[in-house]
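User: Please take a close look at one part of this structure and describe its surroundings in a connected account.

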Amino acid sequence: MLPHSALSKAAKALFWTNQRVSFSAMEGFHSKAKALMYDTSGEPEKVLKLQELDVGQPQEGQLLLRFLRAPINPSDINTIQGKYPIKHQLPSIPGHEGVAEVVALGNKVSGFSVGDRVVPIHPGQGTWRTGGVFNAKHFWRVPRDLPLEAAATLCINPTTALAMLERFVSLSPGDVVVQNGATSAVGQAVIQLAKAKGLQTVNIIRDRPNWAETEDWLKKLGADVVTTEEKLLESLSTCSFPNAFLVCEGDKQMFASLSSDLPPYPHHEGRVHAIIFFFHASFSPSFCK
Ligand SMILES: NC(=O)c1ccc[n+]([C@@H]2O[C@H](COP(=O)([O-])OP(=O)(O)OC[C@H]3O[C@@H](n4cnc5c(N)ncnc54)[C@H](OP(=O)(O)O)[C@@H]3O)[C@@H](O)[C@H]2O)c1
């Protein structure tokens with residue numbers, strides 16, 4: 001994966017303090033678990049503390065889980081900052097997704113066995129911990145041969161990408177999808193899913209010193225065109241956009257200048273949170289090469 005500024009910033013916040021913890025190093029997990037917790041909203045590096053917790057035994061309908069991997073998503077950071085729509089009672093353990101192994105089952109739990117790998121299907125389970133007891137209804141089994149990193153990042157970004165490609169427009173092979181934030185985890189999933197569907201993608205990224213390496217990576221994932229906002233605007237002075245949906249970060253003004261027909265969209269502090277444009281097959285992506 002490419003180094004993403006948001007993630008590396010978050011990772012720094014979490015891993016480069018004196019509270020270092022590795023979510024994969026959980027040998028020795030029995031009755032105690034370690035968790036990153038916060039009791040007041042704020043910047044992660046300031047409010048997170050590493051705590052030891054009693055785990056307890058799984059009761060009826062519960063699973064005892066040992067977490068194997070848990071990613072850092074923008075929504076995790078926003079949750080800790082208190083800016084995410086889903087609010088938690090404090091103190092709280094962050095982490096919306098991850099992959100865990102079933103260690104023990106409570107009574108009346110069916111569909112799971114000890115050793116199964118599971119992922120949370122409800123947000124806000126608090127996955128930034130080595131283990132704990134959870135409601136079995138909030139987890140799904142995943143194949144054991146799925147790589148841990150893929151399993152741990154299965155539930156949020158690929159599903160968002162798929163929903164954007166399937167639920168808001170009807171696309172056919174040859175149609176063109178233009179997205180910004182193409183280096184993001186969502187953006188990379190969009191590229192791969194679009195390729196599998198026979199769609200073409202135009203991918204807007206920020207200019208950067210390692211442009212060739214980044215372009216090469218996105219093209220290996222299936223990107224047709226990788227460009228910048230500036231180059232796209234130059235090529236598009238005569239085009240208008242029929243449709244839009246939001247994906248990532250960007251300058252609201254830039255998108256407003258592309259079309260006056262954009263539908264209302266959510267944004268944080270004046271920044272567009274995300275945007276994807278859809279074009280039908282008659283529209284060629286070659287204009288912005
Ligand atoms: N269901 C949902 O609503 C849902 C689900 C998942 C994600 N999301 C949203 O989708 C977005 C991407 O999430 P992710 O996990 O895929 O993110 P990510 O992997 O952390 O990537 C962050 C992206 O933002 C770009 N970026 C950062 N600062 C920027 C700036 N100032 N101007 C332009 N681009 C900037 C980065 O580009 P560089 O490579 O140039 O640094 C990178 O492409 C987030 O806004 C997230 O909240 C929504």
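Analyst: Helices (H or I, at least four residues) and strands (E, at least two) are DSSP runs, numbered from the N terminus. This is a predicted model, in which local features need pLDDT of at least 70, side-chain atom pairs count only at pLDDT 80 or more, and totals for chains, interfaces and linings use all residues. Residues are numbered from 1 along each chain as its sequence is written.

Val 142 is partly exposed because 17 other C-beta atoms lie within 10 Å; a residue counts as buried with 20 or more other C-beta atoms within 10 Å of its own, as exposed with 12 or fewer, and as partly exposed in between, with C-beta atoms placed from the backbone.

Two residues are in contact if their C-beta atoms, placed from the backbone, lie within 7 Å. Leaving aside neighbours within four places in sequence, Val 142 is in contact with Val 99, Arg 117, Val 118, Val 119, Ala 151 and Leu 154. Asp 116 is 26 residues from Val 142 in sequence, yet their C-alpha atoms are 7.7 Å apart in space.

Strand S5 (residues 117-120) runs antiparallel to S4, the two being joined by 2 bridges. In S5, Val 118 is the bridge partner of Ala 100. Strand S4 (residues 99-105) also pairs with strand S3 (residues 62-69) in the antiparallel sense, over 6 bridges. There, Glu 101 in S4 stands opposite Arg 66.

Key
Pairing = 2+ DSSP bridges.
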